[in-house]
Amino acid sequence: MTDRRTIYLDNSATTQVHPEVIDTIQPYLSEKYGNPSSIYHKGREAKEAVEDARKKVADLINAEPEEIIFTGSGTEGNNMALKGIAFANKNRGKHIITTKIEHKSILNSAGWLERNGFDVTYLNVDENGTIDIEQLKKEIRSDTILVSVMFANNEVGTIQPIEEIKDILKNKNIYLHTDAVQTAGKFDLDVKELGIDLLTLSGHKMHATKGIGALYIKKGTKIEPFLHGGGQERNLRSGTENVPEIVGMGKAAEIAKKDLEKNRIHLKKLEKKLKEDIFRKIPELILNGHPEKRLPGNLNISFKYIEGESVVLMLDEKDICVSTGSACTSNSLKPSYVLTAMKKDPVFMHGSIRFSIGAFNTEEDIDTITKTLPEIIKSLRAISPLYNKD
Amino acid sequence: MYSKKVMDHFKNPRNTGEIEDADGIGEVGNPICGDIMKITIKVKDDRIEDIKFKTFGCAAAIATSSMITEIAKGKTLEEAKEISKKDVSCALDGLPPIKEHCSNLASEGLRKAIDDYLMKKKD
């Protein structure tokens, strides 16, 4: 199924498109080209496919189909949640609470809102990357309109206490948004049970294609659209629907729901094996993120005395793909802002590697990595001035 | 993103290690910025007879350290002091703009090692 030459362990950056998703998309790139807004059969055919996909995405998170809006990416979903809620509710209040370890699409949207008259509080995290619940309680004000906390962190995998947050926000008339881009297909996301008002999903992180995402918006939520036009997506996101990719995302959601337990067990098993083998074979390293409350398949490890990029490139020579921190920030020289917020020792911060296991990885993949990695770490430590042991 | 030469020097770094009875030591960078270079030199008749490096950093930091040791070896102290960051990055067929500072660090490290030798010689 996968290209055997490459071992891909960067599934938090993107995932391989599921073959069934590709098959499902195919006809919508060729004969089923209608515009869902057209009333004749070609249009109806496309419309039905879009609505079927919407139902499948809704089912994945136990939402109603009319509560799902298709977007162009996780970034768009996060932008829409923050800016859309802020602008629609600004007469009630201009205060938003989020965290220091959100994805850049939240942090930079929040920064833009600050420059446009809103007030944003960024919650601290502890050394495991968990938000400070007590601080959240203290920061809530009468003009707070939105709390946005990611479900699980993309770099270190720490799962946030969303249920506790929901309890704190109860009867306070504050919207709760969560970025669940990394979580779909790995957790039983039940928006009704979790009391979530808005939730962001991204297609390519769950074996669909790039360029498609979804935003769950609970019925009755006051939100402002940003793409004005023909009124598609319940007037919240105008523009002709991206039918092929919507259909693909629907299929991916269906598979994610069907395989949820199987996938969770698979990811947990490989993660445990990878972690145990690495810790047994390589000295002087630490696990970043929460030791238990973490995203299945995510393993963020700091190797002392060396720098992450060197490890990534050495592994690349062996056709193994992993990343330092998150792919979106790897062009920056600064240490990861997530690890910085967790107050890690700088020597450890620069040596962090994120392994993110996906549905298509096998035990042999893990064996190959744990056979390759110790030599690479050893050779880099040998030329590190910080390492004084022979 | 990196040139073939950078990758070659990164994968097979030349002159790695530390000279035990070094005549000059140059250490630059810090763990916060993510790059540390330590260059040790052995000097004979005002020439760099031997040079070794140890580097904590990205591929560019390792490649620039490796390259500067290759350029400097056998050169007189005067010549070695003149090695610029541009000389290093040109010899590596260029560096991505965001990594240019690595070549600066390498030439700075070498100059520090030479200055250290000259200081010690004075005493």
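Reader: What makes β5(A) and strand β6 (residues 175–179) of chain A a pair?
Author: This is a predicted model. Pairing needs at least two bridges between the strands. β5(A) and β6(A) have three, so they pair, and they do so in the parallel sense. In β6(A), A:Y175 is the bridge partner of A:L146.

Reader: Which way does strand β3 (residues 95–99) of chain A run relative to β5(A), parallel or antiparallel?
Author: Parallel, with three bridges joining β3(A) to β5(A). A:H95 has A:T144 of β5(A) as its bridge partner.

Reader: Why is strand β5 (residues 144–148) of chain A called largely enclosed?
Author: Buried means under 20% relative accessible area. Five of the five residues of β5(A) are buried, so the rest of the structure largely encloses the strand.

Reader: What unit do β5(A), helix α6 (residues 162–169) of chain A and β6(A) make?
Author: They make a β-α-β unit, and it is right-handed.

Reader: What makes B:K11 and A:E317 a salt bridge?
Author: The cut-off is 4 Å between a side-chain nitrogen of Lys or Arg and a carboxyl oxygen of Asp or Glu. In B:K11 and A:E317 the closest N and O atoms are 2.9 Å apart, so the pair qualifies. The count between chain A and chain B is two salt bridges.

Reader: Which helix gives the most to the side of chain A that touches chain B?
Author: α10(A), with five residues. The contact takes 22 residues from chain A and 24 residues from chain B.

Reader: How much area is buried between chain A and chain B?
Author: About 1800 Å², with carbon and sulfur atoms giving 70%.

Definitions and conventions: Residues numbered from 1 in each chain as written. Chains lettered and ligands numbered in written order. Predicted model: local features only at pLDDT ≥ 70, side-chain atom pairs only at ≥ 80, totals over all residues. Heavy atoms only, no water. Buried < 20%, exposed > 50% of the residue type's maximum accessible area, 1.4 Å probe, protein only. Helix = DSSP H or I, 4+ residues; strand = E, 2+ residues; numbered from the N terminus. Right-handed = clockwise from strand over helix to strand, strands pointing away. Contact = heavy atoms within 4.5 Å. Buried area = accessible area lost by both parts, 1.4 Å probe.
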